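Biologist: I would like to learn how to read a few features here. Please show me the structure.

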Amino acid sequence: MVGATGAVGTVMLSLLDERPDVWGEIRLIASARSAGRTLRVRGEDVVVQALAPEVFDGVDIAMFDVPDEISAIWAPVAAEHGAIAVDNSGAFRLDPDVPLVVPEVNPDALADIPRGIIANPNCTTLSMIVAVGALHREFGLESLFATSYQAASGAGQVGIDTLYDQLAAVGGRRDLGQTAGDVRKTIGDDGFGPFPAPLALNVVPWAGSLKDGGWSSEELKIRNESRKILGLPSLRISATCVRVPVITTHAVAVHARFGRPVTGAEARAVLTNAPGVAVLDDPANGEFPTPADVVGTDPTWVGRIRQSPDDPHEVALFVCGDNLRKGAALNTLQIAETLVARGLR
């Protein structure tokens, strides 16, 4: 595990304790400043090693959770030492020689790993693609429109800390949110952290960096990665990414159009039997997934499943997925487990 001391690395360690032991020797790798720390893994104390070429000697699988620029350098080094690198960064996702894999959706992509590197999708894509992939297999996806509601943790630990600080600043104030700019003034321009506007008592229609045409990088990730995972390079897909005052767990409102008419009941039946999906869909009794209720769990949760009143080929649904678990750590581990089950081929 490269990046063992980071936010996702910490979740990986807890998942290693929970899941079947297929791992053998586990090496924990991090930056030089974290080297020497001792972490508990599967009941054993393991000393964190500094990232260097020799740490990959004899390694079968190297799981990376580090920034893009670190993965871009070191994942090929791991592959050169004979390891299969499973990378959680964005460095290789759109490389045509690197499979982009969600085991519940496209495990066959693992049959060809020419560079010795496998990419893990973006956490927002992962929040919806397990459910969308199951529907595509059954009904044939033609177009996809999505609006994400992304948690502060998607911006890293600084995002989490910023939201908590902002909540502390506005907590107990019953006069805020009633006058333009009052929340902004209370938090102060230096309290925005990684967000372009206050997140507490607010929603921010922006996540990622600015790209051509006014699109954000997060929106284009959903478009490009979904196309690659589903094997639909010409899929019509558009996304709007919104940051919301939630600590962890992304949500996505999905409108998907298929090649034939699909009722809400038909879509619900497919999703109920889909691996990695949990259906919670009883709006009459106020039952549907919300981030606060599903955070810390593994499945992709789906509710509000309904056929469009204007287009019988279109289904709408609301999806929630923990962006640090399935959105990052769990999918990486599932890829590794699939490789082990296949004899690392």
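Modeller: Helices (H or I, at least four residues) and strands (E, at least two) are DSSP runs, numbered from the N terminus. Helix α1 covers residues 7-18, and Leu13 is found there. The model is predicted: local features need pLDDT of at least 70, side-chain atom pairs count only at pLDDT 80 or more, and totals for chains, interfaces and linings use all residues. Residues are numbered from 1 along each chain as its sequence is written, and side-chain values use heavy atoms, without hydrogens and water.

Biologist: Is Leu13 buried or exposed?

Modeller: Buried means under 20% relative accessible area, exposed over 50%, partly exposed in between (1.4 Å probe, protein chains only). Leu13 has 9%, so it is buried.

Biologist: Which residues is Leu13 in contact with, leaving aside neighbours within four places in sequence?

Modeller: Contact means heavy atoms within 4.5 Å. For Leu13 the residues are Met1, Ala4, Leu28, Leu39 and Val41. The C-alpha atoms of Leu13 and Arg40 are separated by 8.1 Å, at 27 residues apart along the chain.

Biologist: How do side chains point in strand β5?

Modeller: In a regular strand they alternate between the two faces of the sheet. In β5 (residues 61-64), Ile61 and Met63 point one way, Ala62 and Phe64 the other way. All are buried.

Biologist: In what sense do β5 and β6 pair?

Modeller: Two strands pair if DSSP finds at least two bridges between them. β5 and β6 (residues 84-87) have four, in the parallel sense. Ala85 in β6 is the bridge partner of Ala62.
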